[in-house]
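Biologist: I would like to learn how to read a fold from its model. Please take me through the sheet, the helix packing and the salt bridges.

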Amino acid sequence: MQLHRLTEFINLLQEAELLKETNINENDTLIQWLTYDSNDAKDGTLFVCKGAHFKAEYLASAISKGAVCYVSEVRYDAGADEQGDEPETSGIPAGFPYILVNDIRKAMPYLSDFFFDSPSKELKLTGITGTKGKSTTAYYIKNILDLYEQSKGGKVTAITSSIDMYDGVQEYESHITTPENMELQYHFRNAADSGIEYFTMEVSSQALKYDRVDRIRFDAGIFMNISEDHISDIEHPTFEDYFKSKLRIFNQSEVSIINIDADQSETILYAAQKALKRGNTKKIITFGIESEENGPESAGRPDILGYGIEKRADGIYFKVKCDRFDRRFVLTMPGLFNVENALAAIAVANLYDIPEKYIYEGLRTARSKGRMELFTSKDGKVSAIVDYAHNKLSFEKLYESTVSEYPGQKIVTIFGCPGYKAYQRREHLGTLSGRYSDKVYLVAEDPGEEPVEQISRDIAQYVEREGCPYEMIEDRGEAIGKAIMEVKEPTVILITGKGDETRQKYGREYLDCPSDADYTRQFIAKYDSEHS
């Protein structure tokens, strides 16, 4: 990776019309690192001051570790107070090199893309947005591509998702759907330098709205679906803002891939067609499930058509008709709604010219940690499903699938909602769980700085309104154990929200804890031992 001089970064920002002011005239300092995290600063760092909660002491810390210049919207050194900006702060020398910009969020993608030498251009990059199904679709795509790469001696493909991240160098559990642009470019560079060809990622509405994926072009951009979510003072003020943010993906996708069965599909298609006319996207591919209007022989059918769906004991079987083939596929991950996710993965695989056999085998063997993980007791009375479902659309699909796949069985649901955000989920999930469940357990789910009892009581009013009994048990493990051990007749226990995550957010910290899957394994084993 080629390093660049400080003046080159200044020229870049000036050309982008983002430069507001600098005290640097001529400076040939070689920038050796770029970060906004003072803990990550080192010799030769260009330090970015970002965020509403940024403190001047973070900059002072970065300088003490070797930062040579900072980029900010305001000055932090001696004399800045005379301009009405931040006052002088100890540890920040007078006259320390600075670059002031008019929009730090828009500046960051320019800086990081330039510093890491545009690594996304060296990869086949797939971006997936939507209210539901991003993670499962990402892992379907990854499994198909991994099998194909393995067949020709290639590298395991890269991914960043709400579940985990792998870039050929680093692998860890995620706590955010789409990282900041700086982290993304870093991971892209690791993947490219590791000889990885494919990179699959989830793209959140927040990432699209707040410029985290600017200066990044997707070879394939997928729009899965849309439903009301993430509406709050700290996320999206309205559904319109949320929807508009997601539609931005078409402006940076070579090929736009769209689910025509999604709500608002006409609006989604119209946005993609506008991007096509502007030249922002080069092609549109559609996928969907057979209906009376778009059957296999219909001229108006989607490019990737799913039909003939049937649930069997060993999996979900369905047929797919497209310009390359008309054949049967099978999913061994539970959930009829996963056919929709599989069609999106097939669309991407076709775009990348992946042979049929790897598409078939990739879907058949695909697993996504914490997504529709099924655990059953030896006597068959307990079917516990661990899933990340956490919003209205994912709950609707989960209940529809459960009622269809487990007819006549009792349903117990265990879930919570995050603190101080996405408030509408409390009504939506409380109402749906109360409507479909025989009992609901309300538990902690990343409460942050909001009391768990307050969150649970907010949800409980809607559960109660549907006439469903409930219990509020903060500890997820305790609730999972109680639900499993109290089963007397065939019951499906839906454990949603956290999946395979091993941390829980309390206050501003993430605390280690067993995952829902770990708890479920533990108590299924205990149930089996007591009922053998």
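Modeller: First, the ground rules. This is a predicted model, where local features need pLDDT of at least 70, side-chain atom pairs count only at pLDDT 80 or more, and totals for chains, interfaces and linings use all residues. Residues are numbered from 1 along each chain as its sequence is written, and side-chain values use heavy atoms, with hydrogens and water left out.

Biologist: What is the strand order in the open sheet of five strands?

Modeller: Helices (H or I, at least four residues) and strands (E, at least two) are DSSP runs, numbered from the N terminus. Two strands pair if DSSP finds at least two bridges between them. Here the order is β2-β7-β6-β5-β4, and the pairing is mixed. β2 (19-22) and β4 (33-35) are the edge strands; each has a single partner, so one side of each lacks a neighbour in the sheet.

Biologist: In which sense do β6 and β7 pair?

Modeller: Parallel. Strand β6 (residues 67-72) joins strand β7 (residues 98-101) over three bridges. I99 in β7 is the bridge partner of V71.

Biologist: At what angle do α4 and α10 pack?

Modeller: Axes are lines fitted to C-alpha atoms, for helices over the stretch in contact; angles run from 0 to 180 degrees between N-to-C directions. Helix α4 (residues 134-151) packs on helix α10 (residues 356-365) at about 130 degrees, with the axes 8 Å apart. Under 35 degrees counts as roughly parallel, over 145 as roughly antiparallel, 65 to 115 as roughly perpendicular and the rest as oblique. That makes α4 oblique to α10.

Biologist: Which residues of α4 and α10 meet?

Modeller: Contact means heavy atoms within 4.5 Å. From α4, the residues include Y140, I144 and L147; from α10, they include Y358, I359 and L363.

Biologist: How do α14 and α15 cross?

Modeller: The axes of helix α14 (residues 476-485) and helix α15 (residues 516-530) come within 9 Å, crossing at roughly 35 degrees. Among the contact residues are I480 and I484 in α14, and F523 and Y527 in α15.

Biologist: How many salt bridges are there?

Modeller: A salt bridge is a side-chain nitrogen of Lys or Arg within 4 Å of a carboxyl oxygen of Asp or Glu. By this rule there are 34. One joins the side chains of E180 and R105 (2.7 Å, N to O). E180 lies in the loop between β11 (171-173) and α5 (181-193) and R105 in helix α3 (residues 104-115), so the pair ties together parts 75 residues apart in sequence.
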